Each structure stands twice: as C-alpha cells, then as structure tokens.
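Subject: the structure we talked about

Hi,

Here is the structure I promised to pass on. Have a look at it first, then read my notes below.

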Amino acid sequence: MLNKPSRTLLATAIMSSLGASNYVYAEQSAQTEVEEIVVQGYRNSLLKAKDLKRNAVGAQDSIVAEDIADFPDLNLADSLQRVPGIAITREGGEGRQISLRGLGPNFTQVQLNGMEALGTSSSAMDSRGSVSRSRAFDFNIFASELFQRVDVKKSFSAEMDEGGIGGTVGLHTAKPFDFDGFNTAISGQLGDNSQTDDVSPRFAALISDTWDDKFGALFSIAYSKRDVNEQGYNTYRWRKKNASGSDISELSDELQDKINNEEVSFSRGSRYSLFENQQERLGTTLALQYRPSNNLEFSFDALYGELNNDRSEYHLQNRGSSSTAIGCTGPAYNNEQICSKLTALEINENNDAIYSVFENAAIHSESRSQYADTQISQFVLNSDWQITEDLNMTALVGRSQTKFNTGSVKVYLETFGDETIDYRKDAYYGENTYGFDPTDSSLFRYHEIDISEEEITNTFDSIKLDFNYTLNNTSNIKFGVSNKKFESENGETKSDNVNRSDWENGVLDDTVDPSLTFTNTAHNKQQWVSVDVLGTLASMNIDPNLDNPDFTDNVQEKTFGAYLQYEAEWELGSGYLMGNAGVRHYDTKTNAVGLINGEVVDVENTYSGLLPAINLVWDSNNSLVLRASYGENLTRPSLGALVPTGVVQNDATSTNGLSISSGNPNLKPYESVNFDFSVEYYFENIGYAAVSYFHKSIDNFIITETYDIPYSQTGYPLSFLGDVDENGNPQTSNTVFTVIQPQNLDESDISGWELAFQRDLDFLPAPFNNLGVIANYTFADGEALYRNVGNSGIDQYKSFPGLSEHSGNFTVYYDSDSWGARVAAAYRSDYIASVQAGNGDEDENGFHASTYIDASAFYQVNEKLKLTIEASNLTNEREEQYSDSNDRLYNTTVNGRTVYLGASYRF
C-alpha cells in the first residue's frame with residue numbers, strides 16, 4: 001500500500017479502539033519526535049468521528065460514544081439531528097424519525113449491526129400519522145446507551161444494500177474486542193419534566209471481558225421510565241360549511257350570504273387536548289466474539305428492545321355538523337335534532353371563522369385509554385476468514401423482527417351549551433369560553449364508545465457472503481451475494497359506536513355515573529370533566545379486548561443481490577487518490593395479500609435492475625480533501641401503499657359515488673440518480689470545515705392519483721358491481737368508476753448544499769482554549785407534481801413531504817479533564833407532511849419552523865466517577881402543525897422542559 005500521512009495512524013486507532021474511553025494520537029515533528037496526546041470525553045468522540053469521516057471513501061458522518069455506554073444525547077434521533085443534512089420529527093418531547101437531505105423518513109435505510117431493520121412505534125395523534133405502515137424507522141424505540149457508534153452514509157457504493165435514496169444509517173452496538181480486558185460501567189439518572197409530577201429514572205450498565213485475545217463477551221442493559229404531558233389546542237382541520245340547520249339570522253346579510261354559499265371555513269373539533277403517557281423503555285444487548293486464530297473470527301450479536309406506552313388522552317371538543325360548532329347533531333335523540341345558533345361571527349381575509357359565538361352548541365368530552373407496545377429483537381452471526389494472504393471472506397446470517405401492538409378505547413360524553421371560539425389573539429392556539437361549567441358531570445350524557453386493536457409484525461431474514469481479493473499493493477476487488485426476505489403482517493379489529501343507538505333510543509340510561517368521572521386539571525388553559533375509561537367499561541360489562549382479526553394483510557419481499565466492486569488508490573500530485581467503482585444487481589419478488597369487499601386478493605410482482613456507483617476521494621496529504629460520488633439507488637414503496645386492501649363502492653348515491661379506493665401492489669420502487677461533491681479542510685487537531693453539494697433525480701415518484709376508468713380495466717371481478725349507475729342505467733363492465741390509488745407518475749429532482757464547521761478554539765488563551773464550536777447548515781430544494789390537489793381538479797407542484805428548505809445546528813462546548821459543558825440548538829424550517837389529493841378541506845398540511853435548545857454538563861470527580869446534568873427543550877418550544885396553504889391551525893402542543901441529574905461509574 002502507499003505510504004499514508006501520519007493521520008492514518010488515527011484511522012487504525014479508531015477502528016481498533018472505538019470503545020476506549022481515551023483516544024491517543026501522535027503528532028510527528030520534523031525531528032521525528034512523537035508527542036502523545038490523550039483526549040477524553042466529548043472531544044474524544046468528536047475526534048473519532050472526524051477521522052471516520054476523513055477516511056471514508058464516500059460521503060459519511062459518524063457519531064461515536066463519549067465513553068462506555070455514554071452516547072452524546074438521551075435519544076438516538078436527538079443525536080442524529082446534529083449531523084449535517086438531518087432533521088427530525090418528535091413525539092412526546094423526544095426524537096422519533098429522521099429526514100436526510102430533504103427526503104422524508106421513508107427514504108432512509110436503517111441497518112442494525114449490519115443488517116436491515118424496521119422499528120415501528122406510533123403517535124397518540126392522528127395529525128402525526130398515528131400508526132403508520134411505512135418503511136420509516138422509529139428511533140425512539142432504543143435507549144442511546146446501547147450504541148457505540150452511528151454511521152450516516154450519504155452516498156452509495158455497490159457493496160451496500162440498496163434501499164436508501166436519502167442515505168443509510170448504520171447503528172452499531174458495542175463488542176468485547178472494542179475494549180481491553182475487563183470493563184464494567186454503570187450509570188443512573190433521575191429526571192423531571194416541567195409539566196409532570198413524576199421523577200423519571202434512567203439506568204444503564206455494561207460488562208465486558210476478553211480472555212487471551214481469543215474470546216470476548218459483552219452484555220449491556222438500559223432501562224428508563226418517564227411520564228409525558230403533551231398538551232395544547234387543535235382542530236380536525238377546517239371545512240367550508242353552510243348553516244346546516246343552525247339559526248344565523250342575527251348575522252349581517254353579507255355574512256349570511258357567505259355562509260349559505262359555503263364560502264366560510266369553520267374549524268372542526270376546536271378542542272383543548274391533553275396527551276398523557278407512562279412510557280417504559282428497555283434494551284439489552286449480548287455480544288460474543290471468538291478468534292481461534294489470527295485468520296479467523298466469529299461474532300454473535302443479540303439485541304432485544306421494548307417500548308411500552310400506557311397512554312391517556314382527553315379532549316373537550318365540538319361535535320356538531322362535520323365536527324364544527326355549527327349545524328345539528330345526528331342521529332337524533334327522540335326524533336328531535338338539536339341545532340346550534342350562531343349569534344356573532346368575524347372572518348379574516350381567507351374567509352376563515354376567527355371569532356364565533358354559538359348558543360346550544362354540541363360539545364363532547366372525549367376520554368381515551370390506549371396501549372402501544374413495541375418489541376424488537378435481532379440475532380446476527382458474523383464470520384471473518386482470511387482464507388489466503390490475498391483472499392478474505394465475511395459472512396452474515398441474521399434475523400430481525402419487530403412486533404407492534406396497540407389497543408384503544410374511547411368514551412364520549414355529550415352536552416349542549418353556549419360557546420365562544422376565538423382565534424384573534426393567537427391564530428395557533430384558540431381560546432374557548434363556555435356558558436356553562438364543563439366540569440359538572442351532571443350536564444353531560446353518554447354518547448358512544450369506540451374500541452380498536454391493531455397488530456403489525458415486520459420480519460427480516462438475511463444471508464450475505466462478501467469476498468475481498470487483493471490484486472496488488474494498491475488495488476483489490478470486492479464481490480458478494482445476498483438473499484433477503486422481508487415480511488410484514490397487519491391485522492386490525494374495530495367495534496365503533498358501542499351502545500350509541502341504545503342510548504339514543506332510550507333503551508339504555510345515558511346518565512353519566514359521577515363516581516367514574518373526575519375533573520381534569522392537568523391542562524394549563526382549561527379544566528373539564530373526564531371519565532375513568534376502563535372503569536366505565538367494567539361497570540357496563542363491556543370487554544375492551546376484541547377477538548383476533550379474521551384476516552391480516554400481508555406483504556412479502558424476496559430480494560437476491562449480487563455486486564462487483566473495484567477499489568484502488570494512486571499517487572496524485574502531492575497526495576493520493578482513492579476510489580471504488582462497481583455495480584449491484586437486485587432481483588425482487590413481491591407478494592401482497594389484501595381484502596377487497598370481503599374477498600381475498602393476492603397479487604405478485606417482480607422487478608430487477610442494475611445499480612452502478614463510483615466514489616472518489618483525493619487527499620492532499622495535508623489538510624485538503626476533495627470528494628465526489630455518482631450512484632444509482634432505489635427506495636421501495638411504503639407497505640401501506642402495496643397492500644391491495646380496499647373498497648369497491650358500488651352505490652352511486654354514496655358520498656364518493658361509484659369509486660374504488662385501494663393500495664397498489666404493482667407499484668415500482670422509487671429510482672434515483674445521485675451526485676455528490678464536497679470540499680473538506682481538516683484542522684491540525686480537532687475540527688474541520690466542509691462544503692458539500694448534492695443532487696438527486698428521482699423517477700417513479702409515488703403519489704395518490706384520482707382518475708376515471710371503465711370497470712373492466714380495474715381487474716376486479718364483476719361480482720363487485722351494484723345495481724345502477726348515477727343515471728339509473730344497469731352497472732356493467734363499461735360503467736365508469738373513480739379510482740383513488742397510489743401510482744408511479746413523474747420524475748422529480750432534489751438538490752442542495754451542506755455547510756459544516758467544527759473547531760476547537762485551542763488558539764485562545766487558557767482557560768478559553770478548552771472551548772469549541774460545531775455548526776452546520778443545510779439548504780435543500782425539491783418539488784413534485786401532485787394531482788387533483790385539494791379536490792380542485794388542478795395539478796400543482798409542491799415540495800417533497802418532510803423537506804425543510806433550511807435546517808441547521810449550532811453547538812458551543814467547553815471540555816476539560818475535570819469538567820465540561822455544552823449548549824446546542826437545532827433548527828428546521830417549515831415543511832409539508834402530506835399533500836392532499838381529493839380532499840376539499842385542505843391542499844396540504846405540515847409543520848411550522850422550530851428551534852430546540854438543549855444543554856448538558858459533567859464533572860469528573862475522579863477517574864471512575866462522573867456527575868452529569870442534561871436538559872432538553874429549554875425554551876418549551878411549541879410544535880405547530882398547519883392545515884392548508886392558507887396556514888390554518890391543525891395542532892399546537894407543548895411538552896415541557898426536561899432535566900436529568902445523573903452519575904456514572906467505571907470499575
């Protein structure tokens with residue numbers, strides 16, 4: 001091999017001792033004297049990450065643990081948001097999913113200890129997607145203490161698994177050979193949140209040992225428990241309404257005309273909301289390594305994790321016509337509908353009702369009990385065999401499985417009373433006032449009970465063989481094959497409107513039992529009556545546990561892969577040029593099973609292709625590094641889009657008329673052509689500055705399409721047809737149906753810039769020489785053409801879901817041997833969550849910009865004991881979701897500030 005600059009000693013040290021708490025590097029003077037410098041803590045992790053980045057051939061960023069079982073943030077997603085190009089979504093005050101270089105969570109592939117994995121959890125809020133059948137990985141499943149390193153690979157090479165157009169995130173747990181001899185570390189923390197009364201414990205421990213450099217064993221465990229109080233004000237979006245039976249005679253003639261012409265948008269729900277959660281997280285890892293000789297090594301990695309959510313949810317909301325305060329309720333009690341009266345109204349320039357006064361409005365108290373539990377397990381067996389001096393083989397066999405179970409029970413109470421809804425002071429936090437006491441249970445009656453259960457199981461089985469053949473001192477060839485099977489199953493059962501008709505008809509007494517109610521005081525703005533959900537069901541002899549579903553959706557993917565990659569390095573100018581070039585072949589067979597109108601539909605599909613890739617990096621042997629990459633990649637469609645389950649609506653008088661709504665098992669994957677270029681300058685010790693440009697051309701973009709075709713072209717049996725069409729003619733194979741289905745349509749482009757800077761300020765006089773800064777900024781721009789936006793019949797260009805045009809991070813740290821502290825800010829601009837086709841309520845919805853500020857500090861009592869404090873969301877940032885490009889309120893919540901005090905001890 002060519003002689004490398006002295007910094008490659010760092011690369012060797014990094015890869016051989018990533019788990020070490022101290023990092024040693026050497027500076028070579030002109031007289032060949034070597035000065036050994038020991039770096040610890042946060043600076044230690046930055047130094048390792050910097051050199052992993054510099055020594056990579058493709059575009060890569062890494063995060064490395066500061067110490068044994070000590071990752072830089074409490075949550076993996078919170079750590080990842082510090083990486084240039086990454087922005088995160090949040091759930092209950094912690095990171096959940098990531099977007100990478102402007103592409104949403106579906107476009108990032110996540111690998112756990114070398115094999116693909118899919119972690120599924122949920123949100124308590126429908127506005128955040130609730131339960132999603134996507135390929136997005138939920139990082140809040142894991143405690144960060146379980147991981148030793150995270151790699152974010154932004155460019156593609158042939159040896160990598162295809163699947164991540166945005167990039168690939170590699171999660172690596174610790175291994176015994178990462179450390180020397182016997183090591184044990186434990187840590188404990190107690191936390192407090194400004195909106196809860198609990199004390200939240202966190203605990204982590206790791207024990208590792210090696211014997212004669214031949215066998216090693218490591219076990220780690222992490223446990224946490226916390227209470228969550230996320231509260232705010234939200235809507236079910238907004239809708240243009242006529243009077244719908246309400247008396248509007250006291251309004252001006254102009255306002256009456258606007259309402260009768262359905263020009264005024266009223267907020268739906270208009271509710272105070274409280275989301276509480278008792279969350280427990282458990283994770284364990286086991287790693288075994290056996291090295292019978294210098295040429296052969298075996299390793300076994302096992303991981304198990306649980307995320308258990310015990311949620312309570314409470315709302316005080318409108319349930320008139322279309323869940324607004326206007327109109328009449330239905331179905332009627334005793335054949336008499338109850339209608340509200342609108343006595344005052346103010347609208348803005350968009351004809352949104354920003355101030356309204358109602359008499360006799362329908363108001364509901366909703367109480368919900370929900371569990372949402374995730375279990376993830378993985379078992380991976382690896383081997384590394386140096387067969388000859390020139391030929392190396394590695395092998396992997398593994399299985400990863402995620403099981404997600406959720407069950408929900410909702411109890412609704414109903415009353416009628418005067419109400420004022422006011423958005424004039426704060427367009428994103430309405431103020432409701434009531435002409436009655438909403439804490440008085442005697443004013444309410446039982447209305448309905450809804451019960452649901454759902455289970456999702458995702459399983460990966462993988463086998464890989466990789467070979468590396470050395471051609472000469474400067475080049476080698478890699479080749480390999482893989483076989484991967486992925487299966488996703490989803491079963492759901494529901495029982496809605498339990499007891500509703502009997503309460504309405506007087507068969508059952510709808511008087512609320514006051515012993516099963518309480519005054520909800522946990523919301524900062526409003527108090528109201530809520531119920532003990534499970535106690536209410538028990539008093540009515542209603543079993544909240546439903547029977548297993550009669551049918552489960554199923555998607556299977558089997559993929560065979562093979563690749564060939566050439567790697568070489570050459571002297572070029574004052575430095576050297578490294579690179580790889582190769583091609584990857586993939587062949588995927590899918591089988592999707594769903595239910596259409598009660599009949600099982602089974603659809604098979606196949607697709608295959610070649611993915612070329614080339615990566616080059618020139619290192620000046622001094623400080624300057626130039627990097628360029630070209631590659632083609634793909635991302636497979638979301639699981640929910642592939643399942644053929646749906647409905648053929650053959651009743652011409654229904655809301656959507658003659659229509660078909662279903663998934664599309666014949667979808668092709670997204671395909672992309674990617675280009676990256678970067679200029680990087682590395683400072684002498686810790687730090688670098690980098691400018692990167694990226695461009696992705698994406699084909700087969702998937703959007704929901706609404707179109708009309710003759711029934712004969714749908715592929716569904718004639719038995720699904722009804723009697724007559726909208727003109728009274730018999731339905732035949734030539735009858736036109738409206739199809740609402742995801743389709744592969746247009747090409748789209750996304751491009752952007754990343755700026756990154758990291759620097760120790762060691763040129764300052766003591767003690768300020770221990771200061772450092774980290775800053776990065778990402779600009780991303782990309783659009784797609786969406787069909788029939790907002791049910792307007794018009795196609796529009798809008799940005800990619802999850803794309804924030806601007807995102808960035810800024811961290812200031814102080815790090816010395818005895819103590820250290822840092823403050824970090826993470827910003828992302830507003831972004832679209834989804835574009836609505838065929839939905840007249842909105843053309844899009846998304847999130848406003850946000851800035852989260854966190855801080856942490858430590859004090860090193862001695863070599864073994866360290867005290868810590870960590871604080872997150874110091875400004876109690878509001879999460880604001882908007883509805884429609886007119887920027888109406890969808891959902892606003894706050895979740896409080898969190899502070900953890902802790903200690904860690906190394907034996």
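One definition before we start: a surface patch here is made of residues that have over 30% relative accessible area and no salt bridge, and like charges are joined within 9 Å. Also keep in mind that this is a predicted model.

With that in hand, go to the patch of negative charge on the surface, where D781, E783, E805, D830 and D887 come together. Take D887 as one of them: you'll find D887 in the loop that links β44 (879–883) to β45 (888–894). Its relative accessible area is 39%, and the cut-off for a patch is over 30%, so D887 passes on that count. D887 is classed as partly exposed.

Next, the sheets. There's an open one made of five strands, in the order β3-β8-β9-β6-β7, with mixed pairing. Its edge strands are β3 (60–64) and β7 (115–116), each of which pairs on one side only. Strand β6 (residues 108–112) runs antiparallel to β7, and two bridges hold the pair.

Now for some hairpins. Strand β25 (residues 553–572) is joined to β26 by 19 bridges, and the two run antiparallel. Across that pair, V555 faces A592 in β26. Two residues lie between these strands, and in this hairpin G573 has a positive phi near 60°.

β26 then pairs with β27 as well, again in the antiparallel sense, over 21 bridges. Here H585 is opposite L610 of β27. This hairpin also has two residues between its strands, and N597 takes a positive phi near 50° there. N597 is in the loop between β26 (575–596) and β27 (599–619), and with a relative accessible area of 34% it is partly exposed.

Where else does a residue have a positive phi although it is not a glycine? At N360, with a value of about 60°. N360 is part of strand β18 (residues 353–386), and at 33% relative accessibility it counts as partly exposed.

Last one: a cis peptide bond, with omega about 0°, links A766 to P767. Look for P767 in the loop between β35 (748–760) and β36 (771–786).

Notes
Residues numbered from 1 in each chain as written. Predicted model: local features only at pLDDT ≥ 70, side-chain atom pairs only at ≥ 80, totals over all residues. Heavy atoms only, no water. Patch = residues over 30% accessible without salt bridge, like charges linked within 9 Å, V, L, I, M, F, W, Y side chains within 5 Å. Areas by Shrake-Rupley, 256 points an atom, 1.4 Å probe, with all protein chains shown as cover. Salt bridge = Lys/Arg side-chain N within 4 Å of Asp/Glu carboxyl O. Lys, Arg positive; Asp, Glu negative; His and termini not counted. Charge placed at Lys NZ, Arg CZ, Asp CG, Glu CD. Helix = DSSP H or I, 4+ residues; strand = E, 2+ residues; numbered from the N terminus. Buried < 20%, exposed > 50% of the residue type's maximum accessible area, 1.4 Å probe, protein only. Pairing = 2+ DSSP bridges.
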